[in-house]
Amino acid sequence: MSCPIISINKRLALLAFVLGLIALILGDPSRATRATIDTKEIAGKISSADSKIKVEVLADWIIQGKADFTIIDLSDEKSYNNYHIPGSLNLQPSELQSGRLMRNSKILLYSDDNIKTAQSWLLLKAMKYPSVYFVDGGMESWKSKILFPAIPDSINPEDIAKYLRMKEMCSFFGGAPQMSGNAGSEKPKFEMSKITAPVQSSIPKKGKPKREGC
Amino acid sequence: MIAPFFKFGFFGEEMGLVFAFIIGIGFGFFLEKAGFGTAKKLAAQFYFKDMTVLKVMFTAIVTAMLGIYFLTAFGIMDLSLINVVETNLAPQIVGGLLLGFGFVIGGYCPGTSVVACSTGKIDGVLYVVGVFIGIFIFGETFPIIEGFFNATPMGRLLLPDAFGISYGILVFAVVVMALGAFAAAEWAEKKFGYKKEGTL
């Protein structure tokens with residue numbers, strides 16, 4: 001209205017040009033690596049321990065074929081290739097930044113180094129991933145509770161169901177229960193790389209994301 | 001709240017479909033309002049007589065691009081979560097050429113053919129029938145062409161990464177390109193376009 005000579009098209013073109021110029025100065029908005037964290041939320045999560053998933057629960061989910069979660073193995077490639085929890089993806093903490101992980105799925109982290117897992121958990125929380133958990137005890141716990149659980153020689157009748165379930169899980173994942181005679185003192189005789197589990201999990205594998213869009 | 005809402009789990013698959021339906025209706029409505037429901041108008045751009053298609057498309061590209069860029073810059077949107085169709089260079093070049101031939105011959109692209117069909121244009125209806133026959137043939141012959149379909153995979157490829165430039169430079173370059181295209185389109189319309197009195 002103030003400048004009737006310039007048509008609306010030209011004004012819009014000018015606006016686009018100015019915004020383009022601002023973009024040129026701003027550079028890269030998405031590669032910004034700064035983040036803020038809600039310290040109250042993080043402190044709450046740490047003290048309530050509700051960011052942990054027990055290995056037994058995870059094993060149960062895998063056996064049931066649940067698919068609403070993604071397991072991330074943060075170990076190095078060699079350890080991952082040697083053995084990993086069935087269905088897990090191998091990502092390094094530096095790769096978590098790429099944004100490939102779906103935000104609306106549950107993300108479970110584990111590795112052979114629990115400190116690395118905890119640090120990565122914080123990294124993802126800082127990146128505003130809403131549901132990030134870590135597998136309680138990591139790989140060590142998976143080995144001692146799922147693959148090679150210690151089962152005492154004499155079992156109380158009320159514990160029979162519990163130990164049967166333990167044995168079932170153990171054989172599903174290709175491990176072997178350790179009877180109390182040899183548990184603890186000896187290392188399992190299994191070669192981790194030879195353990196195979198008949199998993200029919202529908203957890204998406206690396207490199208083949210779901211097709212979407214037009 | 002941070003967008004995209006679906007990826008952040010603000011609503012589920014079913015709600016996603018409802019939103020897709022509403023947005024789809026809006027998309028179709030504006031295509032029709034822009035005159036994209038007539039093959040004559042669409043084909044006229046190839047003869048430089050009516051450059052509406054180019055102008056509308058470039059306006060949409062620039063608006064969406066600036067919107068996404070600044071929403072990302074203000075932290076309201078996460079650019080890394082926007083779906084990008086993976087690049088398979090060779091099959092996509094062939095596919096693009098095929099689509100171009102179809103566009104020139106039939107006068108519609110797939111989206112505008114649905115718009116024309118919904119307003120009852122016979123050529124639009126036939127075009128949509130053709131699209132479905134094409135989809136059927138593609139599906140039936142897929143095992144034969146699967147190798148080529150997946151050839152030259154380049155993953156999630158974006159221009160800033162491919163050229164090693166910042167998003168800002170790319171945004172500016174596209175804006176300049178669009179403004180240049182608008183100016184060229186106006187010039188072409190004056191030179192080759194329908195006279196004001198109109199022969200159409």
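The model is predicted, so local features need pLDDT of at least 70, side-chain atom pairs count only at pLDDT 80 or more, and totals for chains, interfaces and linings use all residues. Helices (H or I, at least four residues) and strands (E, at least two) are DSSP runs, numbered from the N terminus. From that end, the order is α-α-α-β-α-α-α-β-α-α. Of the 200 residues in chain B, 29% are buried. Buried means under 20% relative accessible area, exposed over 50%, and partly exposed in between, with a 1.4 Å probe and protein chains only. Contacts count heavy atoms within 4.5 Å. Among contacts in chain B between residues at least 6 apart in sequence, 63% join residues at least 24 apart.

Now take one helix pair in chain B. H3(B) spans residues 52–73 and H8(B) spans residues 167–192; they pack at about 160°, with axes 10 Å apart. H3(B) is therefore roughly antiparallel to H8(B). Axes are lines fitted to C-alpha atoms, for helices over the stretch in contact, and angles run from 0 to 180 degrees between N-to-C directions. Angles under 35 degrees count as roughly parallel, over 145 as roughly antiparallel, 65 to 115 as roughly perpendicular and the rest as oblique. The crossing of H3(B) and H8(B) is left-handed. That term applies if the near helix is turned anticlockwise from the far one by less than a right angle; clockwise is right-handed. On the H3(B) side, the contact residues include Phe58(B), Val62(B) and Leu66(B); on the H8(B) side they include Val171(B), Val174(B) and Val175(B). This contact divides into 15 nonpolar, 3 polar and 3 charged residues. Here Ala, Val, Leu, Ile, Met, Phe, Trp, Tyr, Cys and Pro count as nonpolar, Asp, Glu, Lys and Arg as charged, and the others, Gly among them, as polar.

The axes of H3(A) and H7(A) come within 11 Å and cross at roughly 60°. H3(A) is therefore oblique to H7(A). This crossing, too, is left-handed. Glu56(A), Ala59(A), Asp60(A) and Ile63(A) in H3(A) meet Arg165(A), Met169(A) and Phe172(A) in H7(A).

Next, the cores. A nonpolar core is a set of buried Ala, Val, Leu, Ile, Met, Phe, Trp, Tyr and Cys residues joined through side-chain atoms within 4.5 Å. The largest has 22 residues, and Leu58(A), Ile62(A), Ile71(A), Leu108(A), Trp142(A) and Phe173(A) have the most contacts inside it. H3, S2, S4, H6 and H7 of chain A each supply at least two residues. H3(A) gives the most, with 5. Apart from this core lies another, of 17 residues, among them Phe58(B), Val62(B), Leu66(B) and Val174(B).

Two residues close the tour. Gly20(A) sits in helix H1 (residues 8–26) of chain A. Its relative accessibility is 0%, so Gly20(A) counts as buried. Leaving aside neighbours within four places in sequence, Gly20(A) is in contact with Leu66(B), Val171(B), Phe172(B) and Val175(B). Leu42(B) lies in helix H2 (residues 39–44) of chain B. Leu42(B) is buried, at 1% relative accessible area. Not counting residues up to four places away in sequence, Leu42(B) touches Phe36(B), Val53(B), Phe103(B), Gly107(B), Tyr108(B) and Thr112(B).

Technical notes:
Residues numbered from 1 in each chain as written. Chains lettered and ligands numbered in written order. Heavy atoms only, no water.
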